[in-house]
Amino acid sequence: MTERDLPLRCLSDLGLLVGDVQYQVAELGHGDLTGYDRATLPPDKRFFLNRLENIVLPNIRALQAAMRAAEREVLFTTVENLTQDGRDRGLDYKISGFNVPRGSREAQVLDEIAPVGDEIRFPKSSSSVFNSTTIEYVLRNLGIGWLIITGVLTDQCVISAVRDACDRGFLVIVPEDACATYSEDRHRWALELTKGYCRLTDTATLCAEIDGLRAMGTA
């Protein structure tokens with residue numbers, strides 16, 4: 001067992017990152033889900049939305065509440081171009097046709113878990129937030145050394161951020177029930193590939209650790 005696998009011991013350098021839970025991918029009538037209703041959703045998208053609504057969003061809200069109560073940073077990423085036409089996007093997004101115009105509704109975090117006050121959101125144009133934003137610089141300025149990473153998709157942007165954060169010297173925690181992708185197999189496969197880069201846990205365990213440290217006054 002390594003230091004990363006142990007329960008939290010302090011809160012002073014802990015941050016929460018909520019990745020790409022935005023209208024482009026997570027709300028009927030927007031972005032990838034334009035033209036669908038509940039009856040016409042393909043099976044993979046139905047699985048994704050059900051997991052998101054019934055498991056992931058409640059768990060992200062619980063983590064947000066615990067972190068805000070502890071006065072720790074809650075941060076966000078969303079896929080969003082710097083331009084309207086997407087000419088600044090990474091090549092992968094251009095090839096795949098993934099295009100989220102600057103300032104669009106699709107680029108915004110879902111209202112139920114949206115930033116509060118001056119919480120920071122990083123618009124990104126690549127799978128890993130570490131490749132197309134200043135997040136590393138900002139995390140170091142904030143004094144964050146431990147980073148909880150949640151969001152979508154488990155097997156794409158989430159694991160990309162986990163590996164890049166690890167390579168840059170951050171200690172990463174992934175509550176698996178605060179992440180989602182398009183099938184259970186994809187979700188589990190991604191976690192299996194990621195477990196060497198982070199501590200895998202669940203939301204209830206993590207919230208209990210945060211609340212316990214806050215109650216004890218452990219900075």
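# Reading a predicted fold, feature by feature

Student: E71 is exposed, with a relative accessible area of 69%. How do I read that?

Tutor: Use the cut-offs: buried is under 20% relative accessible area, exposed is over 50%, and partly exposed lies in between (1.4 Å probe, protein chains only). At 69%, E71 therefore counts as exposed. A word on the model: it is predicted, so local features need pLDDT of at least 70, side-chain atom pairs count only at pLDDT 80 or more, and totals for chains, interfaces and linings use all residues. Residues are numbered from 1 along each chain as its sequence is written, and side-chain values use heavy atoms, with hydrogens and water left out.

Student: Where does E71 sit, and what is its phi?

Tutor: E71 is in the loop between helix 2 (43-69) and strand 2 (73-79). Helices (H or I, at least four residues) and strands (E, at least two) are DSSP runs, numbered from the N terminus. Now the backbone. Most residues other than glycine have a negative phi. E71 has a positive phi, near 60 degrees, and is not a glycine.

Student: What is phi at D20, and is D20 buried or exposed?

Tutor: D20 also has a positive phi, about 65 degrees, without being a glycine. D20 is in the loop between strand 1 and helix 1. Its relative accessibility is 4%, so D20 counts as buried.

Student: Which peptide bond is cis?

Tutor: Start with the general idea: most peptide bonds are trans. Here a cis bond joins V152 and L153, with omega about -15 degrees. L153 belongs to the loop between strand 4 and helix 6.

Student: How do I read the overall fold?

Tutor: Count the elements. The protein has eight helices and seven strands. Then check its extent. The radius of gyration is taken over C-alpha atoms, and the globule rule is 2.2 Å times the number of residues to the power 0.38. For 219 residues a compact globule would come near 17 Å; the protein has 17 Å, so the two agree. The C-alpha trace spans about 50 × 35 × 35 Å along its principal axes.

Student: What about burial and surface?

Tutor: Of the 219 residues, 50% count as buried. Accessible areas come from the Shrake-Rupley method with a 1.4 Å probe; for residues, only the protein chains shown count as cover. The protein exposes about 9,800 Å², and carbon and sulfur atoms supply 51% of that.

Student: How do I read contacts?

Tutor: Contact means heavy atoms within 4.5 Å. Among contacts with a separation of 6 or more, 72% join residues 24 or more positions apart. Take A180, in strand 6 (residues 179-180). At 0% relative accessible area, A180 is buried. Beyond four places in sequence, its contacts include F48, R51, V152 and H187. A180 and L52 are 128 residues apart in sequence, yet 6.4 Å apart in space, C-alpha to C-alpha.

Student: Which residues does Q22 contact?

Tutor: Leaving aside neighbours within four places, Q22 touches T78, V79, V100, E106, A107, Q108, V109 and L110. Q22 lies in the loop between strand 1 and helix 1 (23-26). Its relative accessibility is 1%, so Q22 is buried.

Student: And D164?

Tutor: D164 is in helix 6. With a relative accessible area of 16%, D164 is buried. Outside four places in sequence, D164 touches S128, F130 and N131.

Student: How do I tell a cavity from a pocket?

Tutor: On a 1 Å grid over the protein atoms alone, a cavity is a set of points where a 1.4 Å probe fits but cannot get out; a pocket is an open set with protein on both sides within 12 Å along at least five of seven lines; lining residues have an atom within 4 Å of a point. Points are joined across faces, edges and corners, and a volume is the space filled by probe spheres set on the points. The structure holds one cavity of 30 Å³ or more. The largest cavity has about 70 Å³ of space. It has 13 lining residues, with L17, G19, T77, C157 and A161 closest to its centre. Strand 1 (14-19), strand 4 (146-152) and helix 6 (154-167) each supply at least two lining residues.

Student: How large is the largest pocket, and which residues lie nearest its centre?

Tutor: The largest pocket holds about 310 Å³. Its lining has 16 residues; Y93, F98, L153, Q156 and C157 lie nearest the centre. Helix 3 (91-96) and helix 6 are the elements that give two or more residues to this lining.
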